[in-house]
Amino acid sequence: MNSPVTSIKLVLLGEAAVGKSSIVLRFVSNDFAENKEPTIGAAFLTQRVNMGDHTIKFEIWDTAGQERFASLAPMYYRNAQAALVVYDVTKPQSFIKARHWVKELHEQASKDIVIALVGNKLDMIESGAERKVAREEAENLAQQEGLLFFETSAKTGSNVNEVFLGIGQKIPLKTAQNQTQGAGRGSSGLRINDDSRVDLRSSGDQSASGSTCNC
Amino acid sequence: MIHAERRKSMAERRPSTLNRSSSSAERMGTVVPHLAGIEDPLPDSTPEKVDVVLVGTGLVESILAAALSWQGSSVLQIDSNSYYGDSSATLTIDQLKQWVEDINKNDSKCYENAKLHISGLIGRGSYKSRDFGIDLSPKILFAKSDLLSILLKSRVHQYLEFQSLSSFHTYENDSFERLTNTKQEIFTNPSLPLMTKRNLMKFIKFVLDWSNQPEVWEAYKDKPVASFLVEKFKLERAQVYELIFSIGLCYNIDIKTPEALQRIRRYLTSFDVYGPFPVLYSKYGGPGELSQGFCRSAAVAGATYKLNETMVSYNPDSRIAVFGDASKVSVTEKVVIAPTQSPENSKNVPEQKYEVQRLTCVVDKACIEWFGEGEHAAVVVFPPNSLKSGNRQAVQALIMGAGSDVCPTGTSVWYLSSTETGIRGEMDLDAALGALEESILRESSADLENDDGILEVDNSGHMTLNSVKLGQSFQENAQREKLQVLVKLYFKQFTSTPPFEVVNPSIFDVSAMTNGKLVPGASDNGVLYTPLPSAEISYDEAITAARMLFQKIVGSDDDFFDLDFEDDEENEQINESAVIDDDDAEKMNMTLDAEMSVEPVEFAGEMEI
């Protein structure tokens, strides 16, 4: 694969049990994505998506449960270029929480972050549960705040890929390519100087490769 | 020993590993599967029962939380603050104000005499509180160190960005000398006499392998390293000072030979691991960022996090911990508490008898004059007796520029620290601040003379003076004469860790039932207390302390970050070069040999080392 690859940090937000992780699992284990084996390491999940002449590599940060007691670290939001704010279409409380997360993102994250509002568990309505968050209400919020909007079912996979494709299309390529528009410290948008970054995996000292560290 | 047997690790207990072939697990050690951390939906309430409760999210507690979580212990980690990091936090200006208020109001036993000045330009004016990230205990990371290898193994490095620091200055005779820290610089430095160069090279060759040559230093085991360097290697005062204070980053001249040799070696072996620099630092803030990274890693492994939460009491008999919101948790193994957040009626908190004094300033100068090319930070060391205060201990300064994203463009953060006690410490820090200020004003006004906009060449080739520009420059210069200080913070911090020693393991025994008896009424029997950050400018103490605590809790340190992640293609190139190995000395020697041939004339027949 020779197309240029751009990495995008994507963060997940939403009330507990709305299906944040399920959406991502559905996305990363889907046939539609390029490599079938998702990679979910210790740090974050990654998945590549072909977007025509270039490839986007999503680095997906799960909250790892740290949102439960309002304990997300500034590190979580830093330099995030995209966010999924997820709620459950059968739980009005989760939609109120979604508004809160959108506000939080506007305060904490980079100004040009692409946010997708995602109403999940559509399958429950299809199987008889009562819809408690009207589509129009969510669409209104999305319009006011400039968000992408989707209704999905992580269970059936319905509309899940579209969320990520939609984000991929909306990320300005320029931003994704040179990656200089991080949140910086605060909202002042300080530039990230990639030249000065040291990759800890690339020491010039290759002699110890293959040996196992016992420390 | 609490556990005689090694407990099953996270990966071994995880359902997704059960149907895997056990042979790969045996071969690879602990292999953590793909879906670690997101397999189970998490409950919306705190657990009723955990193995370990950690109070405080300072760096040591956070490393410990990650180590325990990946090992398979269930962990609840809380912090009374609204942010991560506790005594090693990276704070915004608003958080810093609150912090100072809190420690002064609460009569903290860990801090004393905090004073904070904030310029009106922050908040109302040109800068926002969040434009700054001020470290309470700034640190630098040696390229070859325990922490670095743990960062790689745990993948916590993926949450962070690191930048290099190669600029080490020694302040002497009212000026900064940039450290001759590469072998090349030692060779090419015209100010060093040949004999000195030879002696220095001889010493460098020795120190890389010093621990295997006790015959050389045995007689100096309990003596200051200065006498060893002078008597054994015929080094002169300037080199001795550079080795002890800039390369070794020691605080005083009395440091014993083995300790100093270890510290000098640390610098030299770290050089050229990632490039021509010995240390790194994390962008956006130091230990505060690392704490967040380790906490996230612990959370991915299943730890529960709760900020804005205090521990009110712990009953060692019923093993019930009670929190500020009246919730309770039953503890199966240990409670670990940072001394900064111990419950009110704690009686066994270790004595914090060593003092660290810190003076932190944000100034409206970029200070790029002090940084290496393409870099955004520098270390400045003021050896004993180099300051107007007649300092007995060294003052160390870490300068962070805007490129490290801890402050806005055009400003920099100066972190000064000293192990000097009492009023002398404050005087030393003030003197060092004055010296830095003078130096940067002098260096940046030198720019003025080189300003080619002032002198212009006209059509006929004559130089003419642009008086308008000159006038402007004078005006700017007059304004510039005094440095604008945006933030000035002074405080005294106490620690149980003595200077030069990493951590004293005996502090972990104090609360574990002295003489085998419980203190009647004390809530903290059986509680382990973590050490507060010491004066040490490197991270070296943090991993050691976390590992000791881990061993106390688990019974062995075999599983301390014994991890091997299945990961994506990019991580396959990982090597373990950060681990200190025995070949270092040899490799360095090879480099030395190679460089010696670069200077054949000067060293022909001389280098019999």
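Of the 215 residues of chain A, 47% count as buried; a residue is buried if 20 or more other C-beta atoms lie within 10 Å of its own, exposed if 12 or fewer, and partly exposed in between, with C-beta atoms placed from the backbone. In chain B, buried residues make up 50% of 609. The model is predicted: local features need pLDDT of at least 70, side-chain atom pairs count only at pLDDT 80 or more, and totals for chains, interfaces and linings use all residues. Residues are numbered from 1 along each chain as its sequence is written, and chains are lettered from A and ligands numbered from 1 in the order in which they are written.

**Make-up of the chains**

Chain A has 7 helices and 8 strands, and chain B has 19 helices and 24 strands. Helices (H or I, at least four residues) and strands (E, at least two) are DSSP runs, numbered from the N terminus. Two residues are in contact if their C-beta atoms, placed from the backbone, lie within 7 Å. Among contacts with a separation of 6 or more, residues 24 or more positions apart account for 71% in chain A and for 74% in chain B.

**The nonpolar core**

A nonpolar core is a set of buried Ala, Val, Leu, Ile, Met, Phe, Trp, Tyr and Cys residues joined through C-beta atoms within 7 Å. The largest one has 217 residues, and A:Ala83, A:Leu84, A:Val85 and B:Leu64 have the most contacts inside it. This core lies between domain 1 (5-164 + 282-353 + 492-608) and domain 2 (182-270) of chain B, because both give residues to it. The domain bounds come from an automatic or database domain assignment. Leaving out residues up to four places away in sequence, A:Leu84 touches A:Leu10, A:Leu12, A:Leu13, A:Ile23, A:Ala116, A:Val118 and A:Val163.

**A sheet with strands from both chains**

Two strands pair if DSSP finds at least two bridges between them. An open sheet of 4 strands, with antiparallel pairing, has the order 8(A)-8(B)-11(B)-7(B). Its edge strands, each pairing on one side only, are strand 8 (197-198) of chain A and strand 7 (141-142) of chain B. Strand 8 of chain A is joined to strand 8 (residues 162-165) of chain B by 2 bridges in the antiparallel sense. A:Val198 has B:Phe162 as its bridge partner in strand 8 of chain B.

**Strand 17 of chain B**

In strand 17 (residues 377-382) of chain B, 6 of the 6 residues are buried. Both faces of this strand are covered: B:Ala377, B:Val379 and B:Val381 lie on one side, with B:Ala378, B:Val380 and B:Phe382 on the other. Strand 17 of chain B runs parallel to strand 9 (residues 168-172) of chain B, with 3 bridges between them; B:His169 has B:Val380 as its bridge partner. Strand 17 of chain B also pairs with strand 18 (residues 395-401) of chain B, here in the antiparallel sense over 6 bridges. In that pairing, B:Val379 stands opposite B:Leu398.

**Helix 17 of chain B**

Helix 17 (residues 540-554) of chain B has 15 residues and should span 21 Å at 1.5 Å a residue; its end C-alpha atoms are 22 Å apart, which agrees. The expected span is 1.5 Å times one less than the number of residues. This helix is mostly covered, with 12 of its 15 residues buried. The buried residues include B:Asp540, B:Glu541, B:Arg547, B:Met548, B:Leu549 and B:Phe550. Helix 17 of chain B is followed by B:Gly555, whose phi is positive, near 105 degrees.

B:Asp86 and B:Leu249 each have a positive phi although neither is a glycine. B:Asp86 is in the loop between strand 3 (75-78) and strand 4 (90-91) of chain B, whereas B:Leu249 lies in the loop between helix 11 (237-247) and helix 12 (257-270) of chain B.

| Residue | Phi | C-beta neighbours inside 10 Å | Class |
|---|---|---|---|
| B:Asp86 | about 45 degrees | 29 | buried |
| B:Leu249 | about 50 degrees | 22 | buried |

**B:Phe494**

B:Phe494 is in strand 22 (residues 485-495) of chain B. B:Phe494 counts as partly exposed because it has 17 C-beta neighbours inside 10 Å. Apart from neighbours within four places in sequence, B:Phe494 is in contact with B:Cys110, B:Gln352, B:Tyr354, B:Glu355 and B:Leu532. The C-alpha atoms of B:Phe494 and B:Tyr305 are separated by 27 Å, and these two residues are 189 residues apart along the chain.
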